[in-house]
Amino acid sequence: MFYRDERLALFIDGSNLYAAAKALGFDIDYKLLRQEFLRRGKLVRAFYYTALLENDDYSPIRPLVDWLNYNGYTMVTKPAKEYTDAQGRRKVKGNMDIELAVDALELAPHLEHVVLFSGDGDFRPLVEAIQRKGVRVSVVSTIRSHPPMISDDLRRQADNFIELEELRDVIGRPPREPRETEREKEAADE
C-alpha cells in the first residue's frame, strides 16, 4: 500500500515500538528501518519520540538517541518525570503523545502517507483527523504478542495495518547477548 512517488513521514512512539519488538523477541535496526521506508516512498521526515531521565548520570537510551540524531531522524525528547507510587515503587512517566500528535497534524498537509509506529489506542482520533485531511495512515505494531500490543480501535481506524513481526527480516537484528562481566570470564577460564 505504498507508492514510490508519495511523500511520507514516520512517527515513532519510541517506548511503544521498543515494547512491541521486545515482546516479539527482536531488536530494531533503525538504519534498516529508515532505508526500508526510503525505498517505499519519498521520506520527508522520520520522527522518534522518547522521554529521557535528565538526572541520571547514564541513561541506557542515550546512545540510541544520539545515534538517531546523527543518522537522519528528527528527535523529539522531553524530561521524564520520576515519582514514587502508592506502594513505594519508583516509577517514570514520560508520555510523548501530544508532541507526536501536534507534529503529525502540522506535517499532514505536506504528505500523502503517515506511518505511525505505535499501538496506543489514544492515537485513534489522531489517525481519524489525519485521514480527514486526505492523508493515508499506516500503523505498525503487533497482534502476535500476548497480549497484542495494538488497540483494536486503532488497527480498525488505520488505512493499513503493518504487522511488526512481518518486518523482522527487513528491519530486525537479533537481540544482543548479555555481556559477560570480568568475573564471569575469569570463572569460565578456571
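Visitor: Leaving aside neighbours within four places in sequence, which residues is Ser151 in contact with?
Guide: This is a predicted model. In it, Ser151 is in contact with Gly119 and Gly121, once its neighbours within four places in sequence are set aside.

Visitor: And where is Ser151 found?
Guide: Ser151 lies in the loop that runs between β8 (136–141) and α6 (152–157).

Visitor: What does the side chain of Ser151 reach?
Guide: The backbone nitrogen of Leu154, at 3.2 Å.

Visitor: Changing topic: which residues of helix α1 are buried?
Guide: Helix α1 spans residues 14–24, and its buried residues are Gly14, Asn16, Leu17, Ala20, Ala21 and Leu24. These residues lie on the same side of α1, because they cover an arc of only 170° around the axis.

Visitor: What follows α1?
Guide: Gly25 follows α1, and the phi of Gly25 is positive, near 80°.

Visitor: Now the whole chain. How many helices and strands are there?
Guide: The protein chain has eight helices and 10 strands. Of its 190 residues, 42% are buried.

Visitor: How many of the contacts between residues at least 6 apart in sequence join residues at least 24 apart?
Guide: In the protein chain, 68% of those contacts do.

Visitor: Lastly, what does the accessible surface come to?
Guide: The protein chain has an accessible surface of about 11,300 Å², and carbon and sulfur atoms account for 48% of that surface.

Definitions and conventions: Residues are numbered from 1 along each chain as its sequence is written. This is a predicted model: local features need pLDDT of at least 70, side-chain atom pairs count only at pLDDT 80 or more; totals for chains, interfaces and linings use all residues. Side-chain values use heavy atoms; hydrogens and water are left out. Helices (H or I, at least four residues) and strands (E, at least two) are DSSP runs, numbered from the N terminus. A polar contact is a pair of N or O atoms within 3.5 Å; within protein, one must be able to donate a hydrogen and the other to accept it, and residues adjacent in sequence count only if both atoms are side-chain atoms. Contact means heavy atoms within 4.5 Å. Buried means under 20% relative accessible area, exposed over 50%, partly exposed in between (1.4 Å probe, protein chains only). The arc is that of the directions from the helix axis to the C-beta atoms. Accessible areas come from the Shrake-Rupley method with a 1.4 Å probe; for residues, only the protein chains shown count as cover.
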